[in-house]
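Hi,

Here is the model I promised to pass on.

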Amino acid sequence: VGDRLIDPSLYLNYLYGYLVVDRDRELLMREAMVIAPQSPLVIWQYGVSKMGREGKQAEAIGLIERAISLLIPTNQLGTEEHGLSVWESGLPKESLIRKHLFRSRYHCPLWGETIASVANAMKLDLASAYMHDQNYTKAAQIFEAAIDLQKPKQDALKQYAIALAHCDRMK
C-alpha cells in the first residue's frame with residue numbers, strides 16, 4: 001500500500017481480478033482496510049477480493065452490501081454535482097484521486113464518475129458474489145435491477161443469463 005495511500009490498492013485489486021492473481025488480492029485490500037476502514041470504495045473492493053474464495057462468500061456479500069449502504073445511505077442517487085461526492089466521501093483525505101479533484105473534474109476509467117455509476121458497479125459485483133454463493137435467484141434479481149439502470153458490460157449480461165438458466169432449472 002506504500003505511503004498510506006489506498007489508490008494503488010483499489011486499482012491493483014481491480015487489475016488482479018482480470019489477471020486472475022487471487023493470492024494477493026485479499027492481502028492487498030486488507031492493508032487498504034487498515035488505512036481507510038470506513039471508505040465504501042475500499043470495503044467494496046475488499047469484498048470483491050474475497051469473491052470466489054472457498055468459505056468467504058458470506059463475508060464477500062456482507063462487505064459489498066455494507067459498501068453499498070455506506071455509499072448511498074439515503075438513496076439520493078444522482079444528486080451530486082459532476083460526481084465528485086463519490087470520490088470526496090469515498091476516499092480518505094490522503095488519496096491521490098481526492099487531491100486531484102481540487103484541480104479538475106475526475107472521471108474514473110473503471111467505474112465512472114457519479115455515485116450512480118459506482119453504486120451500479122457495486123451491485124453488479126454483489127450479484128456476482130451471489131452467483132459464487134449459488135444463490136442464483138438473488139443474483140438474477142440484482143443483475144436485472146442493475147442492468148435496468150445502466151448499459152451493462154458483456155460479462156454482466158453473460159452472468160445474468162447464467163443465473164436465469166440456473167433459476168429455470170431449479171423450477
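Phe143 is a buried residue, because its relative accessibility is 1% and the cut-off for buried is under 20%. Keep in mind that this is a predicted model.

What does Phe143 pair with? Its partner is Tyr160, and the two rings make a tilted aromatic pair. The centres are 6.4 Å apart and the planes sit at 50° to each other. That angle counts as tilted because stacked needs planes under 30 degrees apart and edge-to-face needs over 60. By the rule used here, the count is 1 aromatic pair.

Where do the two rings come from? Phe143 belongs to helix α8 (residues 136-149) and Tyr160 to helix α9 (residues 154-170), so the pair ties together parts that are 17 residues apart in sequence. Tyr160 is buried too, with a relative accessible area of 16%, which also falls under the 20% cut-off.

Now for the chain as a whole. The secondary structure comes to 9 helices and 0 strands, so if you read along the sequence you get α-α-α-α-α-α-α-α-α. The chain has 171 residues, and 48% of them count as buried.

On contacts, take those between residues at least 6 apart in sequence: 61% of them join residues at least 24 apart. As for the surface, the chain exposes about 9,300 Å², with carbon and sulfur atoms supplying 54% of that area.

Cheers

Definitions and conventions:
Residues numbered from 1 in each chain as written. Predicted model: local features only at pLDDT ≥ 70, side-chain atom pairs only at ≥ 80, totals over all residues. Heavy atoms only, no water. Phe/Tyr/Trp six-rings, centres within 6.5 Å; stacked < 30°, edge-to-face > 60°. Helix = DSSP H or I, 4+ residues; strand = E, 2+ residues; numbered from the N terminus. Buried < 20%, exposed > 50% of the residue type's maximum accessible area, 1.4 Å probe, protein only. Contact = heavy atoms within 4.5 Å. Areas by Shrake-Rupley, 256 points an atom, 1.4 Å probe, with all protein chains shown as cover.
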